[in-house]
Amino acid sequence: MKTFDDLKFTKHPIGVGVQARIQFDNGYGASVVQGYYINGGDKGLYELAVLDNEGHVTYDTPIANDVIGYLTEEEVTNVLKQIQEL
């Protein structure tokens, strides 16, 4: 089971903050970002988007119908586990 510790952050493509993307065996994945302009970023928190099997953001899962902001590292791990269990 992949957790926050398995994420490899790099500079965000738009140049502000960092991003990690991960895909799982079930075809789903996650994009996790941290930076001042994301939901909770000014508090050092993370924002997560669920990805489909092509790496695009999907809002069609029981986990979330939008990005999930204001997440701690532990909360990111909990959502990653939920994605892997889809």
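This is a predicted model: local features need pLDDT of at least 70, side-chain atom pairs count only at pLDDT 80 or more; totals for chains, interfaces and linings use all residues.
Side chains of opposite charge can pair when their charged atoms come close. In this model the count of salt bridges comes to 1. The pair consists of Asp42 and Lys43, whose side chains meet with a distance of 3.8 Å from N to O. This contact is counted because a side-chain nitrogen of Lys has to be within 4 Å of a carboxyl oxygen of Asp, and the N to O distance here is 3.8 Å. Asp42 has a relative accessibility of 45%, so Asp42 is classed as partly exposed. For Lys43 the relative accessibility is 58%, and Lys43 is therefore classed as exposed.

A nonpolar patch was found on the surface, formed by Ile14, Val16, Tyr36 and Tyr37. Together these residues have about 530 Å² of accessible area. One of them, Val16, is located in the loop that runs between β1 (10-11) and β2 (18-23). The relative accessibility of Val16 is 37%, so Val16 counts as partly exposed. Membership of a patch requires over 30% relative accessible area, and the value for Val16 is 37%.

Asp60 is placed in another part of the chain, in the loop between β4 (46-51) and β5 (68-71). With a relative accessible area of 67%, Asp60 is exposed, because the exposed class begins over 50%. The position of Asp60 was also compared with that of Val50: the two residues are 10 residues apart in sequence. In space, their C-alpha atoms are 9.0 Å apart.

Terms used. Residues are numbered from 1 along each chain as its sequence is written. Side-chain values use heavy atoms; hydrogens and water are left out. Buried means under 20% relative accessible area, exposed over 50%, partly exposed in between (1.4 Å probe, protein chains only). Patches are made of residues with over 30% relative accessible area and no salt bridge: like charges are joined within 9 Å, nonpolar side chains (Val, Leu, Ile, Met, Phe, Trp, Tyr) within 5 Å. Accessible areas come from the Shrake-Rupley method with a 1.4 Å probe; for residues, only the protein chains shown count as cover. Helices (H or I, at least four residues) and strands (E, at least two) are DSSP runs, numbered from the N terminus.
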